[in-house]
Structures are given as C-alpha cells and as structure tokens.
Amino acid sequence: MEESKHLIDNSGIFLGLSTIPLPLKQGKAFFRREIQEGIFKQYKERIRQFSFNRTKDDAAYLNDFDRYFYEVRAYYLFGKFDLAVLSVVDDFRLGSKTFHPYSHLTEEALAAVDGRLLQPENFTFQTLTGYSPQMITEYPSLLEHARATFLADVDQPKEQRFPLFASCSLKLNSAFTIGGGNNFSQLAASMIYSRLEASLDYKEHFDFIILQTFSWNEFTVLFFADSYETITKHILQIRELSVKELSMFDYGKNALLDFVQREALMAKFLAEQPNPLKQMENAHIFVYSQTVFGFDIALFDATDGEVTTDKNQFKPILDDSLQLNMQLFVKPGHLKTVAQYFDQKERKWRLHIGSGDFIYPVPNGNLQQSYHELLNNTDLGELDKHIRGIQTHPELKLDTSEIAGEVVENHYFYTSELYQLAFGVDTLRELRGHLVRCKVSKTVRQRVINMFVNYNNGIQDPVLYTYFIDLRPFLQKTLRDIEGMADEKTRTVEETSDMLDVMTNDFEKAFRNRFHQSHLMSDITDFNIEFNGGVQQLVSLFDSAYKIMASVLLIPYDKRPTLGVSSISGIVANDNLVEMSYAHLLQPSLFLSTGTASAAKAFLSLHQGQEFVFERFRQKTAIVQELSLIEQLPFLEDLSDLFGDMINYYITFNGDTNLFLFWYWHYFLQNPNMYNQQGTVNEELFLLYLLRLMLLFEYLDPESGHFREKVLAPAHDLQDLWFRWFPRTRQKIDEILNEPAAQELDDWFQLAKSVIEDKLIIDNYAGLVDKKIETEEEKIKLYQQILRNNNAFALTTDLFDLEMELIRSRSEEMRYLSEQISLLIKQGRVYDPDVLSARSAAFYLQAVVLGYLKLLYDECQGNLSVLYRTEESGKPADTYEGATDYRRIYPKYTFDPRGGLFLTSIQSRRDYFKYRIALYNSINGIASKMKKELF
C-alpha cells in the first residue's frame, strides 16, 4: 500500500490581511482592541468554554492551547492592506466565518451577551488558513515554527525577534499537478524547504514557514528577517525554480519525479513538441506569485510616538537602500488643498495618474525612523479630511546579477493548448442560433452566451484553468440540451426561459466558487456570502471526487454534474449541479457518506434501454411507483432514494450495517431541516425516515434483526419518538409486506441488488485491471485474473460462481484496504496509490471514503450523541436549562443540530484538524491524476 512518509500536522496557521482606520498611528491600539481582544481572545475563550471534555485531555495539549493557540501577532503592511495578523489555530472556522475586523454587525458579535454594538466602518480584508506542507523531508511542526518566529516572545521574552515580514503566495504549474497527483507538490515543497534551510545554514538573518493552502495557490511562504533585500533574494530564487533543478534535487525522490514527467498533463502537451524532455526540464515550477511586505507592529509604540530602542527585543534592520514611497488617495474637490499644503511644507511630491493622486517619498534616514515617520506622519494627521486612504510602497534597488535563474529562450508555454479547451466562435454562433429558435428574450439569450464567454476567459487563465476545467462537461451538456429545446416545438417560451434560468444560476454558483478570492481579485475584499477565503482547491477536489463516485454508476463523464457551494443544509443534486455547503467542504463526512447515493438519482434515466438488466429494473421501478400512486404500496413515490440507499450500503459502506446506520442517523440528527423551530425533532420527518430505514433493512440485512424488535433508540434525543412510533411503524411495514403488491416490491429489491452486485460492483472491481470485456470467455479469464492479482484462488470456471467469488473478494479487499487507510489517516499520513485509470480510481476513492468514515465511527465509539443548545441563546451546553442537576456526558465528537460535528475537547479538535487534511490529500492524490481525462 502506497503512503506518504510525511506526517500531517495537527495545527495550522491563520493569516489575515486587513485595512485599518486612519490615522495609521492608532493602528496598534486598534489591533489590540478590535482584533487581539475583540476577535481572538473571545474566540479562544469560547473554545475553552465549550470544550466540555477538556479535563480528560492530555495535559500537554491543554498547555499548548493555553500558551500558543489563538495568540495573535500583527505586522504593518505596505500596499493595499495595512495589517497582517498571524495565529496558530486548530480549526478552519476562525478564517472562514469569524474574522471580520472592526465590523460589529457579524452574527457572533450580535449574539454575544457583552458585545459592543458600535458604529461599523468600511473595511477590506482577506483570510487564509494554512496547514503543514506534505513533504518527504523532515519538517518541524508548525507550532515549533511559530514559537521560533512570530510567537518567540511567549517562551523567551528577551529573545531578539525579526523586525521585518513578508508573505509570498505561490501557484504551482498545474500542467504538472494534473496527472502528477500529490507527487509534484511534495517535490516542490521539499525543494523550497531545502533551499531556504541551506541558506539558514550559512547564518543568513531570516526564518520562514511554508504553508499549504486550499485557495487558488498551493503554497504561502512566510518570511521573517532583518532585511527586505534578504527576503526578496529568496523569493526570487523560489520563483525562478525549474523542473531541471528538481531533477538535480536528489533525496531519493527520483521515482516521484519520473512519475510526474511520465503521467502529468505536461507530457501530453509536449507530445508533439520537438525535444519534449528538454522542454519539460526548462518548464518552471510556479506560474504566479504574489508578495506583501511589512514590519512588526511592536517596532515602536505608536500611541506615544516613541521609537522602540530595546535591542533585546528586535534584531537591527540591515537595509540601507530602501526608499519608502507614500501614495495618497485624494477626495474629489480636495486636490488643490493637498497640493498647496505640500508646497507650503516644501515637501517633494509628484502627481500620479491613476487611482492614487499623490506619491511622495518618506524622508530618508534610518529605516526604523522612517517607519516612525510613516505612521506618525503629521501630514496625514492634518490631511485626514482631504484623503480617503493611503498606500506605501517600498522601492528596493537590486542588481540584475543578483536575480536567480537563467535567461529564458524558446520557452514553451501551453497557452495554445488551453485555447483548444475553449468554446470557439462557430460553437457560440451555433448556440446563438438555437437560442433564437427557442424564441427566448435577448436578455436570456445573452445570459446563456455569457456562461460560455466567462468559461472561455477562465479556461485560458494559466493560473486558474485547473479549476475551470471542471465546468466543461456541464457546458457540453448544456449545448446538447439547448439544441433539444430548439427542436421541441410544443414547449412554451416561458418554460424554456425557466429551464435556461436554472442552468445559468447553477453555472453562476459553480463559477463564483472558482473565481472569487483568486489572484484576479488580489486587492479586493472577501465578500462571499457563505464564507471567507478562497476554496478553489477544495471545490475542485470534491468536484473530481463526485465525478469519480458517479463513475461507479457507469454515468458518462460529460453527464456528471458540476459541484457548487451554497448555503444549503444537505446535499442536493440535479442533472447540472451537485450543491453542498461550505461546512460540508470543511466537515466532509456528510458529503462522503451520501455522495454516491445522491449520484444515483440520475442512474435510471441515463441507462434507459441500454442493457437488459437495466431495462428490467427501470420497468419494475415504473410498476412499483404506479402501485404507490394508488396507495397499494404507500410511501414509495420516489424510489431513487431507496436505490441510492442500497448503492450506499453495498458500495460506500461495503455492507457494514452498523457503520451504515451510524452515518444515516448522523445525516438526520445534524440536519437543521429535521427540527422544529423550538429545537425538537420534527415528528413527521422522523416517521418518514424510520419507515424508509425499516423497509430498507427488510431486504438489506434481514438476519441482523434491526428494526424487528423494540430496542433502544439510536440516540438519546430520539428515545421518546422511538417508543411512540416504533410499534406503529413496525405494524405498518408488516401490513405493506403482506399485501399482494408486495411481490412487486420484493422483485424490485432483488433486481436492484442484482444491478448493484452483478453489474456495478463487479465493473468497479474489474477496473483494477482496466480491461474491457467483449466475450463471455474474456469475462471468465478477467475474473480469474482479478482473483489471482489479489491472492485469491478461483475455485471454479462457472461464470456465476466466479462472480460470487469476485463479489466476496472485492468486499474483503475493500474492508482490508479501508482499515489500513483508516490507520494512516489517524497517524496523519496520506494514502496515495499510483492510479492510472478512472476505473481503478473509483475503487481506491471508495476505500479512502470508507476508511475515513470508519475512523470517525471508531473515534465516536459508535455513539450517536446530539449537542444540546440552550433555547434562548442557542449556545452549546452540557446542562439542561431548568434542570441543573442533569448534565450530559458527551463523547469527543457529538452531532450538532445546526449542522456537522461538534468537538468537545482540545485534543479532539487537533486530531480532527489532522484527519481532514490527511483525507483531503488522499482524495487529491487520486482526483488530480484523473483530472487529465478532461483535457
């Protein structure tokens, strides 16, 4: 079994960028009041308050949390943003939901009992939560890095800290990550670390932290130094890295690089180019970078205007060639006033044609004194009514000979290859003709055409195309659908317009997830309604995962929905889009436990008339649904849910009844839509859910006795409903099963099981050898080969018996592999098979899904516990209101009726953080290799 040698860390680092109110000299007070005390301290206190099992945690975890976690440090920035804040974190929530600098109208601020409802101000901010890079080389934990850099004062108050800071975002060359999987990012991270670490060995005055991210860029490197020149030199060295340098970077990684050079998309792009190997070696590792510079906010005390001179606190700044240029954004009508002011002060200035009006240099001299001048600038104090903002830009003089890399000649770039993935003029002209025949309005027509125009813009962006390629199957299907609409003469224009409106809305949801907070919006504030921060990698990862799940159902690639993130409570899929919430990205158990089932809704329509077994099943489905309409078989109007449940049981959960029921009740208990407004479980929805599961297990696992006897409810909160409804539900199911029409239902279940086991499961398992079956003789040989490959012996040549052996063999291998993957994820390791086909990818992805769900099931000890929230405030509690003598005993993980998992201890928070990142990287290793099929 393939596994990463690198252990995923159980903590991350939050980076927040923000503007601050003018005047800048009050920035330190603002930081302490609004961010340090107003956001981080309160957030940390809430974690302590709601960690009901913290007394059971290892003391080391509690000590680390108290000393280091959510302890924030700040840096003044040059450029668009004024402030950067750093903190060690153990979740994604602070970055995705909570960080709203000096906005007092956020949900959490309004809910706080002691919240200060002050006049809010406009602000601009961006967030990022980074995790430890997946590398082969040894890399100290992020907590150790934090303690050595921005948190150095926690352990050693007299330690000399670096005064200067920079954050550099790096986007990998996607032509190597697509098809190359995790291998390329491992190599890149290892090489960055090796190069920078080697410089530290030469006693250079800097330190660094490498972060991986889920945003548009894979890496963000944080630099801490006493010289901007030092930082710039290392950033330029990283930016110029090429594949040739990777090949010379030999720490036993040649096998990884060989795989990348053989399987990556770049190899496909270069197939027709002269001397492809040399072209590949000359290709650069990164295609885009973005850097912000700043300095420690504690360099001086801006409140009293005195420069900090404590040499024990900071290392001296070494730069002597840096010029600070200040840019003023003058209000309309105030330009002459500002110009006259500078003339009277005999200050040099120049007019800047653009968004900012004035640029003038901060007086030369000691750089630390220049910072003091910058932040305590009397000019700004007197001009604050005439300007609406400022930006300061450092100007560094660097000799060309100091720039790393080589002069590039005849460099190949794949822009022309990306252009071929766009929809051409002829296609769009044909699309316009179909829309004209549909007789829809010009506004509807233009909106549809703009879908394709916007896609074309995204797919030709060398930074973002790896995310926009997800949308191509959706648009190909849209073209076919619109052509069909144009040929359908009986449909009204209103109906056609409504259908096109759904298509464009679905596209817009998916498009904005891939566009917002990308490098194209580098200076624009975080303004997503659902979440903060870019999630391009997560959205694309789960989009690919869903498409691979759909492959188990033999759904063609161009008919698999695109993934979009919105604010829904569950997972909703239609022909165009599968929607999930941002919470499902960061708490993926809901998506993983229901994803394959949601894909089943399209199964029958897509396979209509294709094969005899599918056609029989479709016909039987129609019969049962008709019997349901005349109430001979009630509650069965839509059999797609039951069929999806069966697929989930046999494929996702590998026939594990306890695991299946645990996660199905989890879906119910954490879904806010299943509750009444007063917080109680909705009785009608519970009854329908119980009916569905009770009927299902009459056929899935009748020998287990589940739902046969009046047993305890699966969760304490369901006990009253269970006692009240279990006998009546059992009676109702027995009545249905005794009806003459029940024979049709029994036939339906048997046909469904036959479709799943004899077709879907066997085809999925056969994907491991990736051979197509043409004749019955080939099928027999193939089955025998699969059994031999997995150390099983074919006891017969009878086709039926071989299929039964194969089903058992698949189940046993899936169980064994998922258990091993579960152990890897628990350790923080990544499972990364060398997947070479889409059919084998489906098997390995299902193993990763099953392994992760097993791990959380074991962590919960199979205990379905529901979080209690107080009725008035909605806050988590372990004591019932009005019954202080009754306390809830929570396990480490409990289900939150507001959605997702709730963690009740400090240690479990860090474990869960680690598990998810190991899961994401395991899925990415499979999904990114399979993404090459789209090109």
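**Salt bridges and burial in a predicted model**

The side chains of Arg-447 and Glu-508 meet in a salt bridge, at 3.4 Å from N to O. This is a predicted model, in which local features need pLDDT of at least 70, side-chain atom pairs count only at pLDDT 80 or more, and totals for chains, interfaces and linings use all residues. Residues are numbered from 1 along each chain as its sequence is written, and side-chain values use heavy atoms, with hydrogens and water left out.

Q: Why is the contact of Arg-447 and Glu-508 called a salt bridge?
A: The term requires a side-chain nitrogen of Lys or Arg within 4 Å of a carboxyl oxygen of Asp or Glu. The N to O value for Arg-447 and Glu-508 is 3.4 Å, so the pair qualifies.

Q: Which parts of the chain does the pair link?
A: Arg-447 is in helix α19 (residues 442–459) and Glu-508 in helix α22, 61 residues apart. Helices here are DSSP runs of H or I with at least four residues, and strands are runs of E with at least two, numbered from the N terminus.

Q: What makes Arg-447 partly exposed?
A: Buried means under 20% relative accessible area, exposed over 50%, and partly exposed in between (1.4 Å probe, protein chains only). Arg-447 has 34%, so it falls in between.

Q: Why is Glu-859 called buried?
A: Its relative accessible area is 9%, so it is under the 20% limit. Glu-859 forms a salt bridge with Lys-892 at 3.1 Å, N to O.
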